[in-house]
Amino acid sequence: MDEHQKINNKLDPVIPEITEWPIYKLSQDQESFLDETITKTIDGLLESYGDASVLHSELKSILYQEKNRLTKEPWKSDSPEERIFWSEIKRQILLTDKIEEEKKKYKEDKKIFRSILTYYSKEIVANFDPKKYKVARKVLPFLFSRLMNASPGNKLKFLFGNKKTIYDKFNITGPIDHVRNLSKKGTVIIVPTHFSNIDSPTIGLVIDIIGLPGMTYGAGINLFTIGILSRWLNDLGAYKLDRRRKNKPYLELLKNYSTVAIKRGAHSLFFPGGTRSRSGQIEKKLKLGLLGTALEGQRQNLLNFQEDTAKKIFVVPVVLNYHFVMEASSLINQHLAYEGKEQFIPEKDDFSTSYKLLKLIFKVITANPGMTISFASPMDVVGNEVDFEGNSINNIGQSVNIKDYFTLDGVMKEDKQRDQVYTGILGERIVEKFLSANTVLSSHLVSFVAFEMIQREFKGLDLYQFLRVPVDEIEIDIEDFKVELNNIKEKIIDLYAEGKLRVHDRIKGENEEIIKHGLKNLGVYHPSMPLVKNSNGNIITQDLKVLYFYHNRLMGYGLERHFE
Amino acid sequence: MDSKDTLNKYGVVGSGSFGIAIANLLAENGEVLMYTRSEDQMTSINADRHLKGQEMSTRVTATNDYKQLAEECYLIFPIVPSDNFVDMLEELAPYLKPSHILIHGTKGLYTPKKISNEIPLRKDEVFTMSELIKIKTGVVRVGCLAGPNLASELSEHQPAATVIASRFNEVIEVGQQALKSNRFQVYGSNELLGVELAGVLKNYVAIASGMLTGLGYGENARALLITRGMAELIYIAKALGASEKAFLGLAGIGDLIATCNSSKSRNYRVGLQLAEGKNLEEIIASIGEVAEGVKTLQIVKALQKYGYRAPLAEILYKIVFEDLPIKKGIDFLMRFSADKDAEYIV
C-alpha cells in the first residue's frame with residue numbers, strides 16, 4: 001500500500017462502461033429503489049409511533065412546518081407546485097379529522113403519509129443519465145483547464161493557452177490504487193472534509209480523475225439554484241436535500257435513501273461534518289446520522305446475503321485543502337456568532353450566481369497548488385483498517401470477520417444502540433484520519449504561526465476581545481517570525497515522520513521560500529489581506545478574524561502549546 | 001455456539017477471592033469455565049470443589065487453556081490484579097474475536113511508565129482496564145463490574161448488588177442475565193469511565209479510613225472523610241474526562257461506604273496497620289495481595305499537573321511514602337478549610 005501515491009494524470013476508469021456502474025443500475029431500478037426506501041421509512045416510523053393517534057398529529061405537524069417554510073423561508077428552488085401539493089394534503093387531513101372509526105382513520109392517515117413521503121422522495125431522487133454524465137465529465141475539466149491557464153497577468157492564455165493540464169493543479173495523494181481496487185470488491189463511501197461550496201464539484205471531478213465510477217451523493221437543494229452548478233450536480237447524479245426541512249419523516253427518508261443505495265451497492269459520498277466547517281478547523285464532531293447509514297447498509301447486507309456474496313462497505317476519508325476559501329469571512333463570522341449553539345444558519349453565501357462561482361473556481365485554481373486532495377487509508381464500517389483485498393485488520397493486526405461485530409452468542413442480531421456506538425467509533429476514527437491526512441500548505445503554516453504570535457502579545461484578552469483588537473496595533477517582527485516559524489516547522493516535520501499529518505513538498509524546503517510562498521498565496525483574493533508585509537519588511541494583518549480561520553486548520557495537533 | 005437447550009457457558013479469568021465469588025454467582029445461571037494457570041488450583045476446583053477456603057459450585061470447571069476458554073465462552077469476565085492484566089490480555093488476545101464480550105472486574109489503573117515523583121504522568125499514559133482491553137485485544141464490546149462487592153460477604157451468600165457499565169446496552173443486558181439472582185442485583189450504566197474511576201479511586205480513601213480507626217477516631221470523622229473524599233474523587237474523575245454521575249450511584253458512594261467501613265477491605269487494612277506503626281513492606285507481606293489503593297495514590301499524585309484539588313491524596317502520599325507522621329497528616333486534613341458543601345453538583 002502506498003500512502004503517498006501521487007496522481008499526475010487521469011487514470012483509466014475501474015469500470016469502463018457507464019452502464020455497468022452501480023449508480024446507473026440504481027437509476028434503472030429507480031421505482032423499486034424508491035419503493036424500498038419509502039416502505040422502510042414508513043415501517044420504521046410507524047413502529048416508533050406505536051399509537052395510531054401519533055401518526056395523525058405527526059401529519060398535522062409536518063403540514064404546519066411545510067406551510068411555515070413556504071411562507072417564511074422561501075427559496076428560488078421551491079417548485080411552484082409545492083403549494084398545490086400541501087393544500088391537497090391539508091384537505092385530506094381535514095377529511096380524516098372527521099372520520100370517527102379508528103381503523104379507517106388510521107388507514108387514511110397511512111395513505112396520506114405515504115403520499116407525503118413519495119412526494120419527498122421524488123424531490124430527493126437523483127437522475128443519473130449516462131449521456132449527460134459523459135458530457136459533464138468532458139466539458140468541465142476542459143473548462144477548468146482553460147481557467148487555470150489564466151493566472152493573474154496571464155489573461156490571454158485564458159483563451160489561447162493550453163500548456164497546463166488540470167492535473168498540475170490537482171494535488172491528489174494517498175492510496176489511490178487501493179481505493180480503486182476496493183471499488184471492485186465492495187461499496188466505497190467517500191467522506192471528505194467540508195470547507196467550501198466548491199468541495200462538491202471538486203470531489204466530483206477528482207473521483208472521475210482517479211477512475212472511480214460515479215457516486216451517489218447528496219447536495220443542498222439551494223446549490224441547485226446556481227445555474228452551472230445545478231447542471232453539474234444534476235448530471236453527476238447528486239440527490240437533493242433540503243436543510244430547511246427538519247421533520248423526522250423527511251430526515252428518516254434521507255437516511256434510508258442512503259442506506260438502501262449503499263445496500264444496493266451504489267458507491268456513495270457524503271460530507272460527514274454535515275455543513276461546511278465554520279471555524280476553518282478540521283471537523284472534530286461528525287453528524288452520525290448519515291454516517292450510520294454505512295453501518296446499517298453493511299449490517300443489512302450481512303443479514304440478507306450469504307457471507308461470500310454480502311458486499312463489504314469501505315469508508316475512505318478525504319481531506320480537501322486550499323490556500324483560499326472564498327467564504328472564509330462569512331464562515332468565521334457565523335462561527336463566532338453561533339459558537340457552541342446548534343442553530344440553523346441561513347444558507348446565504350458570498351456567491352450565489354454562476355458568474356460568481358466561476359470566478360471563485362478560477363481564483364482557487366490559479367493559486368499554486370490549486371487544490372490538495374489527500375485520501376486517507378480505507379476502513380471498514382467499524383473503523384478497522386482494510387488490506388488491499390478488503391479484509392479487515394483490527395487494531396492488533398488480526399484479520400477479522402466484519403460479521404463478528406454484529407453477532408451475539410453466535411447469532412446475527414439487529415441492535416440499534418450497538419450500531420450507534422459503532423458509528424460513534426467510526427466517527428472518531430474518521431476524525432483521526434482527517435488529522436493524519438491533512439496536508440500542511442505554506443499558507444497554513446504562516447497563518448498559524450502569525451496568529452499564535454499575535455495572540456501571545458495580547459495574553460490577557462479572551463478570544464473575542466482579542467479578535468476586536470485594532471489591526472493597526474499589530475506588527476510582527478520578521479526576524480522573530482522566522483524563528484517561530486522554524487520552531488513550528490520542525491514540530492510539523494516530526495509529526496509528519498510519525499505519520500500524524502502530511503506536508504506539501506514545499507514545507508520540506510527553505511524557510512524563506514515557505515514564508516514568501518505562504519504570504520503570497522494565503523487567502524490572496526480577500527478584500528483585506530489576512531497577512532501582508534509592510535514597508536519595514538515586518539508582517540501585519542488586515543483581517544484578524546480571517547487569519548484566525550486559516551490558522552485553525554492546524555489546530556488539533558497541540559502545536560499551539562508551543563506559544564503558551 | 002451453545003444451542004439454547006443447554007446452559008450458557010461463561011468464562012472467568014482469575015482465581016482470586018473476587019474471581020471465585022463471581023464464578024459462583026455465574027454458576028447460578030449457567031456453566032462456568034474458569035481459567036487458572038496453576039495445576040494445583042485446577043485440581044482444587046475440579047476435584048476438591050474448594051479453592052482458597054471457598055466452596056466451588058459444581059457447575060464451575062477449571063482450565064489452563066485460553067484457547068478452550070475463548071472457543072467455549074463468548075462472554076468472559078477477566079478478574080485479575082491490575083499488575084497482571086496486560087500479560088493476561090496478551091496471552092488471551094490471539095484467541096479472541098470481535099464477537100466476544102469482556103466484562104472485567106478489576107479495580108485498578110495501569111501505566112506503562114515508571115511512576116516517579118519527579119516526572120508527571122500525562123492522561124494518555126494512564127489506562128483503565130477497559131481501555132487496556134480495547135488496546136490489547138480485538139474486542140470492542142467491553143464492560144466493567146463495580147460496586148460494593150466484598151468477596152467474603154458474597155461468598156457467604158449475603159445480599160448485594162453491583163453495576164455493569166458499558167457503552168453497549170447489549171453488554172449490560174448479557175451481563176445482567178449472567179449474574180443476577182435473588183441475592184444479587186445487577187444495575188446498568190453507560191458511564192463506563194466514571195464507573196471504572198469510581199471503583200479505582202475510592203481505594204485510597206479506604207486507606208485513610210483505616211487510619212482514622214487506627215487513630216481511634218469515630219464515625220463523625222469518617223463521615224467527613226467519606227463526603228470530602230467523594231468530592232475529591234469527583235474532581236479527579238472530571239479532570240480525566242468522566243462525569244460525576246457514576247459517583248452518586250452504587251459504584252461510587254455505595255462502594256465508598258462499604259470499603260471505608262469494612263475491616264475486610266485490603267485498603268482499609270493497609271491504613272489501619274500504618275496507623276498501628278507498621279511500615280508498608282511489612283503490611284504488604286502480611287496482607288498477601290496487593291492493595292490497589294497504594295498504586296492508585298502514586299498515579300493520582302503523578303497526574304496532579306491536571307490541576308485538580310486532591311489534598312487527601314497528597315497528604316496520604318506523604319504519609320505512605322515520605323514518612324509524614326500519621327496523626328499530623330490526618331489532623332491537617334480534618335481541619336482542611338471548609339468550602340461550600342456538595343459544590344461538585346451544578
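Residues are numbered from 1 along each chain as its sequence is written, while chains are lettered from A and ligands numbered from 1 in the order in which they are written. Because the model is predicted, local features need pLDDT of at least 70 and side-chain atom pairs count only at pLDDT 80 or more, whereas totals for chains, interfaces and linings use all residues. Here pLDDT is the predictor's confidence in each residue, from 0 to 100. The mean pLDDT of chain B is 90, with 95% of its residues at 70 or more. For the model, the scores are ipTM 0.91 and pTM 0.89.

Chain A contains 21 helices and 17 strands, and chain B contains 15 helices and 12 strands. These elements are DSSP runs numbered from the N terminus, with helices (H or I) of at least four residues and strands (E) of at least two. Chain B has a radius of gyration of 20 Å, close to the 20 Å from the globule rule for 346 residues, so it is as compact as a globular protein of that length. (The radius is taken over C-alpha atoms, and the rule is 2.2 Å times the number of residues to the power 0.38.) Its C-alpha trace spans about 65 × 40 × 40 Å along the principal axes.

A residue is called buried if 20 or more other C-beta atoms lie within 10 Å of its own, exposed if 12 or fewer do, and partly exposed in between, with C-beta atoms placed from the backbone. By this count, buried residues make up 42% of the 564 residues in chain A and 51% of the 346 residues in chain B. Two residues are in contact if their C-beta atoms, placed from the backbone, lie within 7 Å. Among contacts in chain A between residues at least 6 apart in sequence, 77% join residues at least 24 apart; for chain B, the share of contacts with a separation of 6 or more that join residues 24 or more positions apart is 71%.

Next comes the meeting of the two chains. In this interface, 16 residues of chain A are in contact with 15 residues of chain B. On the side of chain A, strand 12 (407-408) and helix 16 (416-437) are the elements that give two or more residues. Helix 16 of chain A supplies the largest share, 3 residues. This side of chain A divides into 6 nonpolar, 6 polar and 4 charged residues. In this grouping, Ala, Val, Leu, Ile, Met, Phe, Trp, Tyr, Cys and Pro count as nonpolar, Asp, Glu, Lys and Arg as charged, and the others, Gly among them, as polar.

Chain B is itself divided into domain 1 (9-190) and domain 2 (198-334), with bounds from an automatic or database domain assignment. Their centres, taken over C-alpha atoms, are separated by 24 Å. The contact between them takes 21 residues from domain 1 of chain B and 27 residues from domain 2 of chain B.

B:Met56 lies in the loop between strand 4 (54-55) and strand 5 (60-63) of chain B. B:Met56 is buried, with 23 other C-beta atoms within 10 Å. Leaving aside neighbours within four places in sequence, B:Met56 is in contact with B:Asn24, B:Ile45, B:Arg49, B:His50 and B:Leu51.
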